[in-house]
Amino acid sequence: MLAFIIIISGFTTVNIFASESEVTLVIFHINDVHGRTGAEAYISQMANELKKSGGNVLIFDSGDRLHGQVAANLSEGESMITVMNAVGYSAMVPGNHDFNFGLERLKELSEAADFPMLAANVKDNSGANMFEQYKVFEFDSVKVGVFGIITPETLTKTDSRNTAGLAFEAPAVTAETMVSTLQSENCDIIIALTHLGEDESSEFRNISDAVAAVDGIDLILDGHSHTLLENGRTVGNTLIAQAGNHSQSIGVAEITISGGRISKSAKIIDLSDGELIPDEKIIAVIEAEEAKIDAITSIVVGHTPVLLQGEREFVRKQETNLANLITDSLIHATGAEIAIYNGGGIRESIEAGAITMGQVLTVLPFSNLVVTVELSGADILKALEHGVSEYPELVGAHIQVAGLKFDFKPDAEPGKRVTEVRLSNGQLLDTGKIYTVTTIEYLALGGDGYDMLAHGQNLIYYGGDAEAFANYLKTEPDIKSEAEGRVSVFVGNPLINTSGSTAPKTGDSDNIILWFCTVSVVIIGLKVSPFIRKNRKCV
Ligand SMILES: [Zn+2]
């Protein structure tokens, strides 16, 4: 409790008990939690303590909240709204991934929320606003105007079907309009609640600066790039704050207005310090939401007549029927030509019989986002090489594919093992051609050593991999009892096609050797590569 008081008082050394001419606001803000609730009980406790002692408190979320973890995904965002209502959020701006369940679902969730979802720059075909644009809060005669802005990147950073018919106005243009609207409503303080970010890999990286350059914005509470700004950063007279990601830290901004003069500061509370006191009521709400998931995980999403092989000694070294079903599901979800998945992402087998959503989540527990990228045949070949470079060792990076089949020579030097690559239409892979490849965001950003996948252009996001797999199972796909020879050991001449050239097919005698090699279980030299996820920057 002592630590709590110290931290809180650290933000409230300016007088929170408003004197006649001075009013202080304490603003808790968080962003990019991606379905996590770890900070909520602490935010609630701090906010309640401040309110009890007469403080002026606002609580904001800067987006990418509703999707990402099991409870959030299975309830299609509802569990998150329930927790936010209990905490008493003042407003949120939806992030790109808050569209992951579709626009209609996001509208339903905004109606279930006790707070507004603010987004001033999102219009429909007729030019009408899709969300409330702003809200004015009043404290002791001080008016605080808050407007929301969503990144135009949302058009590619969620499934494009989720934003069909929407237009995203340029953030700085919207900000200009909002500032003059809020000034005309006599707001003393203007806050932009944004999901824009400052990711250097983003072509929109300067957008938050452009918004900050709009005269009249006191504070920008940003998200999207997962940036931890310890004390915010200042552009002109505007303070930009962002509080990292994944519910690991809480941003606290403080604004004091005294005789018309505004002073402001931003700080971060790091939850790993472990010294804060949680609000037990919020913990109970979170636990109740997670308990509801039990009912959802028992729902049957498909059937299999055979064992679907997902044990690590198989999926980290060779093709399996389960891996094929998973990669097929990515193609089903995206319409891409080729799918690439890492064997280490597949965590369990599924016994013959009914398949429940709970089993799907056990097999694919990481809430990976499905993406597509445009990738050259040359980079695809490099990915295949990487995927078998450590064969026959068990490695998480071992490749699983759909839309193509290839052979490789395990005794050849890593990087020069792949021989023939044939697409599902029978043609050989053309290293000079561009193909649409579906994978998971983790790999598309270079995870598991797949740096070449990060060379892809036109990165487009879809939903989660477990959702894609469950949806595919619902279509009652033809389930094979064995692998189909998509990734096969080969002994023979290298047959890689380069642009314009042709190559002969693999012979039957080779296939027999290949079958023998694939079926043989090699136990020598097992070296397990731990499944370490790169710190994802899930914008
Ligand atoms: Zn985002």
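Me: In the hairpin of strand 12 and strand 13, which residue takes a positive phi?
Reply: The model is a predicted one. Strand 12 and strand 13 (residues 261–270) pair in the antiparallel sense over 10 bridges, and Ser 258 stands opposite Arg 261 in strand 13. The hairpin has 2 residues between its strands, and the one with a positive phi, near 55°, is Gly 259.

Me: Which residue in strand 13 is the bridge partner of Ile 250?
Reply: Strand 12 covers residues 249–258, and its pairing with strand 13 runs in the antiparallel sense. In strand 13, the bridge partner of Ile 250 is Ile 269.

Me: Which residue in strand 12 stands opposite Leu 25?
Reply: Strand 12 also pairs with strand 1 (residues 22–30), in the antiparallel sense and over 8 bridges. Within strand 12, the residue opposite Leu 25 is Ile 255.

Me: Is strand 12 largely enclosed by the rest of the structure or left open, and how many of its residues are buried?
Reply: Strand 12 has strand 1 as an antiparallel partner and strand 13 as another. The strand is largely enclosed by the rest of the structure, because its buried residues, out of 10, number 8.

Me: Which strands stand at the edges of the open sheet?
Reply: The open sheet is formed by 5 strands with mixed pairing, in the order 3-2-1-12-13. Each edge strand has a single partner strand, so one side of each is left without a neighbour in the sheet. The edge strands are strand 3 (91–92) and strand 13.

Me: Are helix 2 and helix 8 roughly parallel or roughly antiparallel?
Reply: Helix 2 (residues 40–52) packs with helix 8 (residues 280–297), their axes 8 Å apart and at an angle of about 150°. Because angles over 145 degrees count as roughly antiparallel, helix 2 is, relative to helix 8, roughly antiparallel.

Me: How many nonpolar residues does the contact of helix 2 with helix 8 have?
Reply: The crossing of these two helices is right-handed. Glu 40, Ala 41 and Ser 44 in helix 2 meet Ile 282, Ile 283 and Ile 286 in helix 8. By class, the contact has 1 charged residue and 1 polar residue, and the number of nonpolar residues is 4.

Me: What is the orientation of helix 10 to helix 14?
Reply: The axes of helix 10 (residues 321–334) and helix 14 (residues 465–474) come within 8 Å and cross at roughly 90°. That angle makes the orientation of helix 10 to helix 14 roughly perpendicular.

Me: Which residues of helix 14 make the contact with helix 10?
Reply: The residues of this contact divide into 6 nonpolar, 3 polar and 1 charged. Helix 10 contributes Ile 326, Asp 328, Ser 329, Leu 330, His 332 and Ala 333. Those of helix 14 are Ala 468, Phe 469, Asn 471 and Tyr 472.

Me: Against which strands do the buried residues of helix 12 pack?
Reply: Helix 12 (residues 377–387) is mostly covered, with 9 of its 11 residues buried. Among them are Ile 380, Leu 381, Ala 383 and Leu 384, together with Asp 379 and Lys 382. The strands they pack against are strand 15 (338–342), strand 17 (369–376), strand 18 (399–402), strand 19 (404–408), strand 20 (418–423) and strand 21 (434–440).

Me: What percentage of the residues in the protein is buried?
Reply: The secondary structure of the protein comes to 15 helices and 23 strands. Of the 539 residues in the protein, the buried share is 51%.

Notes. Residues are numbered from 1 along each chain as its sequence is written. This is a predicted model: local features need pLDDT of at least 70, side-chain atom pairs count only at pLDDT 80 or more; totals for chains, interfaces and linings use all residues. Helices (H or I, at least four residues) and strands (E, at least two) are DSSP runs, numbered from the N terminus. A residue is buried if 20 or more other C-beta atoms lie within 10 Å of its own, exposed if 12 or fewer, and partly exposed in between; C-beta atoms are placed from the backbone. Axes are lines fitted to C-alpha atoms, for helices over the stretch in contact, and angles run from 0 to 180 degrees between N-to-C directions. Angles under 35 degrees count as roughly parallel, over 145 as roughly antiparallel, 65 to 115 as roughly perpendicular and the rest as oblique. A crossing is left-handed if the near helix is turned anticlockwise from the far one by less than a right angle, and right-handed if clockwise. Two residues are in contact if their C-beta atoms, placed from the backbone, lie within 7 Å. Ala, Val, Leu, Ile, Met, Phe, Trp, Tyr, Cys and Pro count as nonpolar, Asp, Glu, Lys and Arg as charged, and the others, Gly among them, as polar. Two strands pair if DSSP finds at least two bridges between them.
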